[in-house]
Amino acid sequence: MENNDTLEVIQRIPLDKLRPYPDHPFGVRDDDMMQQTVESIKQFGVLVPGIARPLPDGTFELIAGHRRKQASAFAGLDDMPIIVRNIDRNAATIIMVDSNLQRENILPLWSGSFLLSAKYW
């Protein structure tokens, strides 16, 4: 059994409380795939929650789910499901990169440019 400090719950977070991950290298494109995501969200809702970490000002830094957030806004939603994790920036960066590498169709330029910038951490 986990203690309450590590227990994760899915929360509905207002879209205007979600801040993009600084220097997010994978970009969100408004293309045919985005339109398909918008239509899916209109029909079924957001099926996979995003991941965010809380910020001191009461907002949340979006780690995974940037496309879902954009599609939710286009679909007219005010919030989306988010797993809130209390993690540091290094852990957030690993999750952000890993979640994007799991996507089948990220552009090589995005992953390459991020890996190059990661060299200088």
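Leucine 15 counts as buried because its relative accessibility is 10%, below the 20% limit for a buried residue. This residue belongs to a predicted model, in which the protein has four helices and five strands. Along the sequence these elements follow the pattern β-β-α-β-β-α-β-α-α.

**Two loop residues**

- Leucine 15 is placed in the loop between β1 and β2.
- Which residues does leucine 15 contact, leaving aside its neighbours within four places in sequence? They are Lys69, Ser72, Ala73, Leu77, Asp78, Asp79 and Met80.
- Between leucine 15 and aspartate 79 there are 64 residues of separation in sequence, yet their C-alpha atoms are 4.9 Å apart in space.
- Isoleucine 87 lies in another loop, the one between β5 and α3 (89–101).
- With a relative accessibility of 23%, isoleucine 87 counts as partly exposed, because that class lies between the limits of 20% and 50%.
- Beyond its neighbours within four places in sequence, isoleucine 87 touches Arg53, Ile63, Ala92 and Ile95.
- The C-alpha atoms of isoleucine 87 and alanine 52 are separated by 9.1 Å, and the two residues are 35 apart along the chain.

**The sheet**

- The five strands make up an open sheet with mixed pairing, in the order β1-β5-β3-β4-β2.
- At the edges are β1 (10–14) and β2 (18–19), each of which pairs on one side only.
- Strand β3 (residues 50–54) pairs with β5 in the parallel sense, over three bridges.
- β3 and β4 run antiparallel and are joined by four bridges.
- Isoleucine 51 has a bridge partner in each of these two neighbours: isoleucine 83 in β5 and alanine 64 in β4.
- Glycine 50 has isoleucine 82 as its bridge partner in β5.
- β3 and β4 form a hairpin with five residues between them, and glycine 58 in the turn has a positive phi of about 90°.
- Is β3 mostly covered or mostly exposed? It is mostly covered, since four of its five residues are buried.

**Helix α1**

- The residues Met34, Val38 and Ile41 of α1 are buried. They lie on the same side of the helix, because they cover an arc of only 65° around its axis.
- The buried residues of α1 pack against α2 (66–74).
- The face of α1 turned away from the buried side carries the exposed residues Asp32, Gln36, Gln43 and Phe44.
- After α1 comes glycine 45, with a positive phi near 85°.

- Buried residues make up 36% of the 121 residues in the protein.
- The largest nonpolar core has 15 residues, of which Ile13, Leu18, Ala52, Phe60, Met80 and Ile82 touch the most other members. The elements giving two or more residues to this core are α1, β4 (60–64) and β5.
- Apart from this core lies another, of nine residues, including Ala64, Ile83, Ile95 and Val97.
- Alanine 52 contacts Leu18, Phe60, Glu61, Leu62, Ile63, Ile82, Ile83, Val84 and Arg85, when neighbours within four places in sequence are left aside.
- Of the contacts in the protein with a separation of 6 or more, 79% are between residues 24 or more positions apart.

**Confidence of the prediction**

- The average pLDDT of the protein is 80, and 70% of the residues score at least 70.
- Where is the confidence highest, and where is it lowest? It is highest in strand β5 (residues 79–84), with a mean of 97, and lowest in helix α4 (residues 108–118), with a mean of 45.
- The pLDDT is below 50 over residues 106–116, a stretch that has 17 contacts in the model beyond near neighbours in sequence.

Methods
Residues are numbered from 1 along each chain as its sequence is written. This is a predicted model: local features need pLDDT of at least 70, side-chain atom pairs count only at pLDDT 80 or more; totals for chains, interfaces and linings use all residues. Side-chain values use heavy atoms; hydrogens and water are left out. Buried means under 20% relative accessible area, exposed over 50%, partly exposed in between (1.4 Å probe, protein chains only). The arc is that of the directions from the helix axis to the C-beta atoms. Contact means heavy atoms within 4.5 Å. pLDDT is the predictor's confidence in each residue, from 0 to 100. A nonpolar core is a set of buried Ala, Val, Leu, Ile, Met, Phe, Trp, Tyr and Cys residues joined through side-chain atoms within 4.5 Å. Two strands pair if DSSP finds at least two bridges between them.
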